[in-house]
Amino acid sequence: MTWKLALAGCGNVGTALLEILHRKGAELATRHGFDCRVCLVTDPLRGVALNPEGLDLGTLLEKLRNGGTFNGLPEGLGSFESLLARSGANLFADATPTNLTTGEPGLTHLRVALSRGVHATTSSKGPLAVAAEELESLAKRHGALFRYEGAVMSGTPLVALIRENLAGCAVTKVEGILNGTTNYMLTRMEEGLSYGEALAEAQGKGYAEANPTADVEGWDAAVKVAILSRVVSGVALPVDRVDRTGISALTPEDLRTAKEEGRRIRLVATLIPDPESPVAKVAPERLPLDHPLASVRGATNAATLHTDHLGPITITGPGAGRTETGQALLTDLLAIARLTREEN
Ligand code: HSE
């Protein structure tokens, strides 16, 4: 079958997804049976590109590279719901920016898509922080698949590892470095930078959220732990139930002292997914050097999953980045195509 994709958000991540689809379209069709046309792209700054027969990705990407706009701005061309209906899309990718308080604009887009039975993926944590349960049940009610690999560890496949590869295995504990900004800052502070210098560098490299308080006070990692609770055990964990301490009180001196004592301070997110009373926290921890998370440096993320059948498994990889997160959306789209094929 031919998939018709709608994409919301044409910033770094959305553009990266379009680039991958353009570059690898033929390979995705032959190797993965994923024959996909992009029928709708909406972006608050670039406007709307719509063609139910499929847009020319080369032309679209050229416009994006040159800072150009599409046909017109979304508000001039109708609601997202009417655009989605006109596009005939049966797949939706949300690559809009994260807002942890409102979940918007991704939340509205996902509600619209899932209510129409359109399978959806998002790379944004916002909609999940605000309404994960509602979106999951909306998807179920309308026979749509809803995936969000990119919300935790970007394209590093932690969510798929837990859901698919470890199926049948109980995950009894998760320990993770889930925020790249703070891990980068701690690494640089160990090397002698002040807190402010390290934060400025992390912002300059594009790791930090628009409001870096979300990173340094542990909110970003707390949202990711809450998402993992749902993935690991299906238990909804409100973000405010995550016991949270950030890194803003740490000094380079704390990091040096830890080093002298053969330890390394890392902002560790811990989840013990007990169905009765799950334990979830984010806090700086003084890890011994032989701990699998102690050697994780820079903006890299990692998670150690403690399991009943396999013991501990550690996965390490990027936790942010344009192509990395574009890959997360792609892997979800391919999974949706595979799963719906298996159903039929
Ligand atoms: N600000 C986040 C981080 C981006 O530093 O990990 C990816 O979620």
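Which residues does Thr-181 touch, not counting residues up to four places away in sequence? Select Thr-181 together with Ala-202, Tyr-207, Ala-208 and Asp-215: these are the residues that Thr-181 touches, contact meaning heavy atoms within 4.5 Å.

This is a predicted model, in which local features need pLDDT of at least 70 and side-chain atom pairs count only at pLDDT 80 or more, while totals for chains, interfaces and linings use all residues. Residues are numbered from 1 along each chain as its sequence is written, and side-chain values use heavy atoms, with hydrogens and water left out.

**Stop 1: Thr-181**

Thr-181 lies in helix H8; helices (H or I, at least four residues) and strands (E, at least two) are DSSP runs, numbered from the N terminus. Thr-181 counts as buried because its relative accessibility is 1%, where buried means under 20% relative accessible area, exposed over 50%, and partly exposed in between (1.4 Å probe, protein chains only). Display the polar contacts next: these are pairs of N or O atoms within 3.5 Å; within protein, one must be able to donate a hydrogen and the other to accept it, and residues adjacent in sequence count only if both atoms are side-chain atoms. The side chain of Thr-181 reaches the backbone nitrogen of Ala-208 at 3.3 Å.

**Stop 2: the ligand**

From Thr-181, move to the ligand: an N or O atom in the Thr-181 side chain is 2.6 Å from a ligand oxygen atom. A ligand nitrogen atom lies 2.8 Å from a backbone N or O atom of Tyr-207, and a nitrogen atom of the ligand is also 2.8 Å from a side-chain N or O atom of Asp-215. On its own the ligand has 260 Å² of accessible area, of which the protein covers 89%; such areas come from the Shrake-Rupley method with a 1.4 Å probe, and for residues only the protein chains shown count as cover.

Now select the residues around the ligand, among them Lys-125, Asn-179, Glu-209, Asp-220, Lys-224 and Gly-319, each with a heavy atom within 4 Å of it. Helix H8 (180–190) and helix H11 (219–233) each supply at least two residues of this shell.

**Stop 3: Lys-224**

Lys-224 lies in helix H11. Is Lys-224 buried or exposed? Lys-224 is buried, with a relative accessible area of 5%. Its side chain makes a polar contact of 2.6 Å with the side chain of Asp-220. Beyond neighbours within four places in sequence, Lys-224 is in contact with Lys-125, Ala-151, Val-152, Leu-178 and Asn-179.

**Stop 4: helix H5**

Select residues 106–115, helix H5, where seven of the ten residues are buried. The buried residues include Leu-107, His-109, Leu-110 and Leu-114. Among the elements that cover them are strand S1 (2–8), helix H4 (80–87) and helix H6 (126–141). Just after H5, Gly-117 takes a positive phi of about 80°.

**Stop 5: the paired strands**

Finish with strand S9 (residues 263–272) and S10, which pair in the antiparallel sense over ten bridges; two strands pair if DSSP finds at least two bridges between them. S9 and S10 form a hairpin with six residues between them, and Arg-266 stands opposite Glu-285 in S10. S10 (residues 279–288) also pairs with strand S8 (residues 243–244), in the parallel sense over two bridges.
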